[in-house]
Amino acid sequence: MIPKLKPWLALDIDDTLAATFCCRAKKMQKLFGNPEWLKVEDLLKKYHNTYDVPYRQTPEAEARTRHMVNDNEWQKSISMCAWASTYVKKVNKIIPITAYITVRPSKVMQWTKYRLKKFGFPDVPIIHKPDAVSKMDGVTTWKMALLNKLYPNILGIVDDNIRTIGKWNIEYPWTVFLYGHSDTSSLSANILPCETRKDVYLAVKKVFGKKK
Ligand SMILES: [Mg+2]
């Protein structure tokens, strides 16, 4: 007999729980200017990912991004969205959060763990991107393979990265709660748009909440 597994949920960290894009963009605007005269919040809405901001693709800007990603001091300065923990707690009551899945490298795990705990996020393991996986090309395949391996123990993930998830064009059984996006009509039916954190909570409730 197949044992009945308890369903679990995973959470992404950057730009789902932490204001990574905005903190990085502020620094980049100071260093390299702001050609579009956009506030970092509007830049986030327009591009979603540092790697998609066209004028941040120069060797100097890319080197600076790499340095920030790998620097513990920098990671320490990224604001965690304290109010996100309110919704994470609510979600945790519907379906237990069992892990974080992040593209952050191994060398910044110590501070990542410390910051999550400090801001009241669940104390659960962090699965980080193996350092051998390249940031640009390997993440899509790595995350997909990992979720495949973890299914059916992990039935879903809250993640903002449309750049990665939008490329998953094969069938898969878990649900993606795509934070920060309002339209997923061109993507797999398993990807649910969740513009706000409240939308994440409501969508998780709809999928995993007790059916009356
Ligand atoms: Mg993210």
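**View A. Helix α1 passes α3 in a right-handed crossing.** A crossing is right-handed if the near helix is turned clockwise from the far one by less than a right angle, and left-handed if anticlockwise. The model is predicted: local features need pLDDT of at least 70, side-chain atom pairs count only at pLDDT 80 or more, and totals for chains, interfaces and linings use all residues. Residues are numbered from 1 along each chain as its sequence is written. Helices (H or I, at least four residues) and strands (E, at least two) are DSSP runs, numbered from the N terminus. The axes of α1 and α3 come within 11 Å and cross at roughly 145 degrees. Axes are lines fitted to C-alpha atoms, for helices over the stretch in contact, and angles run from 0 to 180 degrees between N-to-C directions. On the α1 side, R24, M28, L31 and F32 take part; they meet A61, R64, T65 and M68 of α3. Two residues are in contact if their C-beta atoms, placed from the backbone, lie within 7 Å. The residues of this contact between α1 and α3 divide into five nonpolar, one polar and two charged. Here Ala, Val, Leu, Ile, Met, Phe, Trp, Tyr, Cys and Pro count as nonpolar, Asp, Glu, Lys and Arg as charged, and the others, Gly among them, as polar.

**View B. Helix α1 covers residues 20–32.** Its 13 residues should span 18 Å at 1.5 Å a residue, and the end C-alpha atoms are 18 Å apart, which agrees. The expected span is 1.5 Å times one less than the number of residues. T20, F21, R24, A25 and M28 are buried in α1. Seen down the axis of α1, these buried residues fall within an arc of 110 degrees, so they line one face of the helix. A residue is buried if 20 or more other C-beta atoms lie within 10 Å of its own, exposed if 12 or fewer, and partly exposed in between; the C-beta atoms are placed from the backbone. The arc is that of the directions from the helix axis to the C-beta atoms. The cover over the buried residues of α1 includes α2 (40–47) and α3 (59–70). After α1 comes G33, with a positive phi near 90 degrees.

**View C. Helix α5 spans residues 84–94.** Which residues of α5 are buried? They are A84, Y87, V88 and V91. Down the axis of α5, they fall within an arc of 105 degrees, so they line one face of the helix. They pack against β1, β2 (97–102) and α9 (197–208).

**View D. D15 and H48 are two residues with positive phi.** D15 is not a glycine, yet its phi is about 65 degrees. D15 lies in the loop between β1 (8–11) and α1. D15 is buried, with 21 other C-beta atoms within 10 Å. H48 is also a residue other than glycine, with phi near 70 degrees. The loop between α2 and α3 holds H48. H48 has 18 C-beta neighbours inside 10 Å and counts as partly exposed.

**View E. The peptide bond from Y151 to P152 is cis.** Its omega is near 5 degrees. P152 sits in the loop between α7 (138–150) and β4 (154–159).

**View F. N190 is in the loop between β5 (175–179) and β6 (191–194).** N190 is partly exposed, with 16 other C-beta atoms within 10 Å. N190 and W174 are 16 residues apart along the chain, but their C-alpha atoms are separated by 6.9 Å. Not counting residues up to four places away in sequence, N190 touches Y172, W174, T175 and V176.
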